[in-house]
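Please look through the structure shown here, one part at a time. The paragraphs that follow begin with a helix and a strand and then turn to the chains and their contact.

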Amino acid sequence: MSEPPPSVLSRLLLALTTFWRILVDTRLAAKIAELRGGGMTAPPDAEGPESPRLKRAEPNAGLQLLGLLQQNGRFIDFLQEDVGAYSDAEVGAAARVVHEGCNKTLKQHFAIEAVRAEPEGTRVTLQEGFDSSAVRLTGNVVGHPPFTGNLAHRGWRVTEIRLPQVASDHDLAIVAPAEVEL
Amino acid sequence: MSEARYAVGIDLGTTHCALSYVDLRTSDRDDVAQDMMQVPQLTSAGSVEELALLPSFLYLPHPDEFPAGDLALPWSGGDGLILGEMARTVGARTPIRLVSSAKSWLCHPGVDRRSAILPPGAPEEQVARLSPYDASVRYLGHLRDAWNHAHPYDNLAAQEVTVTVPASFDPAARELTAKAAQTVGFERLVLLEEPQAALYSWIHDSGGRWRKQVRVGDIILVIDVGGGTTDLSLIAVTEHEGALELTRIAVGDHILLGGDNMDLTLAHVVNGKLTAEGKSLDHWQIQALTHGCRHAKEALLADPTLEAVPVVVPSRGTHLIGGSIRTELTREEVTHTLVEGFFPEVPVSARPATRSRAALTKLGLPYAHDPAVSRHLAAFLGMQVGATEDLLGFEPKGKSTFLHPTAVLFNGGVFKANLLAERMMRVVNAWLTSDDAPSARLLEGADLDLAVARGASYYGYVRRGGGVRIRGGTARSYYVGVESAMPAVPGLEPPIQALCLAPFGMEEGTQADIPPQEFGLVVGEPVRFRFFGSSVRREDQVGLLLENWSAEEIDELEEIQATLPAENRAPGEVVPVHLRASVTEVGTLLLEAMPLNGTEHWKVELNVRSSSDS
């Protein structure tokens, strides 16, 4: 249904002509940049108001993590239960299973460090141009940087992800298979 | 063959395998570029992870158990078997399909190690079983595939590969290990004893300072307690032309006793408490309890201020909160069970308790009957009291009843627990004090989990002339049984004599002399000989005929078998032969039958189907 890919010669021609057009045409240059940035799904000629780009999070990674937490730490079993029906001692006992397993999973698959090295409760100063996605301002947020305030939470940053590879036709939606003992 | 780029060391362990490598091109003298390979393996259905250790477990899945695509590995050509971490976790729930401790079976003298006997409890018609040898081939094959996947231009077959074996492995088990490695394509192969590998790793880690930490006259005791086995070796520090040398002077017996026994024992103790409370656990819950106890034990051994650590056996179903059973492991239980049970303070005269071996009615591994590592160690040091007699610069044994080590090197995950390492040192030093000998010191800084693999790749590097080598050769002398010529007496077995074929300490790549005794082999018919080994008779020379010996000094090994092919000979003809022993470059014992009138050599098989199974 689609046309065969262009030949080497025609691609060369295309590259040479586009080279100059990109240099002179800023609008085209912006579109090409967008294409190269991974926005291949953007419709080629969709004109419209500039909108903040949103993307849907990849569901497989979420399913995979959920599966790992359930497998090692019984995460879903724990959260699906009605804790209100049990005593604190019973919830506590189960929480140990969840904590031990999920802790192991977290350590095995992620490297996590605090965003701010200072102990919580210390005064910190944020210079102009600080990373607002890594540090969130709260409370009396007025004026201009440098901002000085109290470190309420150190924050966490994942510095490395080591998730397992997944078989291509593995059904990730089954986060825990039913077990039937023969 | 092209020049190898890497020296690769493979720890083919009872419970875990690991692979370490040294880049020979970028390494120079003490500056060794060493790394551990991360081994991709299935961790659950459809999920592949890279881990530093490959658990030595094989799972033989039922065709309906997993979708075929869920068992895919990064490389193609799997045969549907599951290996590594996933095999261990899945196998805990379905033990009849799980092959574990294949290495202990490989050294089991009572079975044919090449017949499909694993898993031992599997229903024969339902589960296609594997031999202990096949299992070794699979583990090595997985490591090879993982390596070739990561190094597509440096095939593992072209590298210098060192595979480690327990020092206590018998000649047949060594040969099978070498054969397995050759089957998966390792052409440049050598075997190395694990305690030696641990010492090489320590030497490497010391970065040249080891020469200051040991001196001539030192005797290093390597105590290697792994997941399934305890392996003991003595290595003397000697001098040659002014340079320090290391000589391995003795190795211990094969003791099936390790960290897994300790975890099982603790689980048993805690399970006893639950039973007393009226709670009974099923098989699945006991597995979970063992797992929980291992964690609790590690916490208690790491933090001396803890008095008890809770252990929770989760419910099997989705109702985690209501169905879980909570108990705890106390310091008192750990101390009593582990420290006193496995490392008791006993006098050096203590010996392991033995039960007379039951008839081979049930096929099982010959686990050590006595769990006390201390007593096994006492027996080893007592037996080897004369191990340094031939060496210059060592104190004569005098009146002492055991060999005095001057330094101790630990290996194996069990000794990550300081409490256990300290106790072991205290036991050894109490023995030394009772003999008015100076205390032994601990060689610090050992890498308890990865030392064997790392030491093996370092050995591959120093073999090329980069550093100190541990010498020693074979740690046993070997004998073949000869029936003495006397008239047959009905009902009495003719007395047997032992003819020494291989002296103690034969180095790799050497041949023993040919003993003058002749043996008659019948062409076309397998002829069996009884076969013996001794770890203490250091002076016996080839051709010596022993009439009497004590059970402590000579062990009977598996029978060996010679078969003369019928080429150029009439079947049934009796051909007189000589038997000659040599040690191959790989490090295995080779026995050959050589006809008196001819130049042929026939290999004598070390691994023979045992006569107890038909």
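**A guided reading of the model**

Helix α5 of chain B is mostly covered, since 11 of its 12 residues are buried, where a residue counts as buried if 20 or more other C-beta atoms lie within 10 Å of its own, as exposed if 12 or fewer do, and as partly exposed in between, with C-beta atoms placed from the backbone. Helices (H or I, at least four residues) and strands (E, at least two) are DSSP runs numbered from the N terminus. This is a predicted model, in which local features need pLDDT of at least 70 and side-chain atom pairs count only at pLDDT 80 or more, while totals for chains, interfaces and linings use all residues. Residues are numbered from 1 along each chain as its sequence is written, and chains are lettered from A and ligands numbered from 1 in the order in which they are written.

The buried residues of α5(B) include Glu194(B), Trp202(B) and His204(B). The helix covers residues 194-205, and at 1.5 Å a residue its 12 residues should span 16 Å, which agrees with the 16 Å between its end C-alpha atoms; the expected span is 1.5 Å times one less than the number of residues. Just after α5(B), Gly207(B) takes a positive phi of about 55°.

Further along chain B comes strand β12 (residues 219-225), which is largely enclosed by the rest of the structure because 7 of its 7 residues are buried. Ile219(B), Leu221(B), Ile223(B) and Val225(B) point one way from β12(B), whereas Ile220(B), Val222(B) and Asp224(B) point the other way. Which strands pair with β12(B), two strands being paired if DSSP finds at least two bridges between them? One is β13(B) (residues 230-240), which pairs with β12(B) in the antiparallel sense over 7 bridges, and these two strands form a hairpin with 4 residues between them. In β13(B), Asp231(B) is the bridge partner of Asp224(B). Another is β17(B) (residues 407-411), which pairs with β12(B) in the parallel sense over 5 bridges, with Leu409(B) in β17(B) as the bridge partner of Val222(B).

Glu332(B) belongs to helix α10 (residues 331-342) of chain B. Is this residue buried or exposed? Glu332(B) is exposed, because 10 other C-beta atoms lie within 10 Å. Glu332(B) and Glu307(B) stand 25 residues apart in sequence, and their C-alpha atoms are 7.9 Å apart in space.

On a wider view, an automatic or database domain assignment gives chain B domain 1 (6-192), domain 2 (197-256 + 352-458), domain 3 (259-342) and domain 4 (477-604). The C-alpha centres of domain 3 and domain 4 of chain B lie 52 Å apart.

Chain A has 5 helices and 5 strands, which follow the pattern α-α-α-α-α-β-β-β-β-β along the sequence. Of the 182 residues in chain A, 10% are buried.

The contact between the chains takes 22 residues from chain B and 22 residues from chain A, two residues being in contact if their C-beta atoms, placed from the backbone, lie within 7 Å. On the side of chain B that touches chain A, the elements giving two or more residues are β4 (39-44), β5 (47-51), β15 (308-313) and α9 (320-323) of chain B. Strand β5 (residues 165-166) of chain A pairs with β5(B) in the antiparallel sense over 2 bridges, and there Gln165(A) stands opposite Val48(B).

Conventions:
Pairing = 2+ DSSP bridges.
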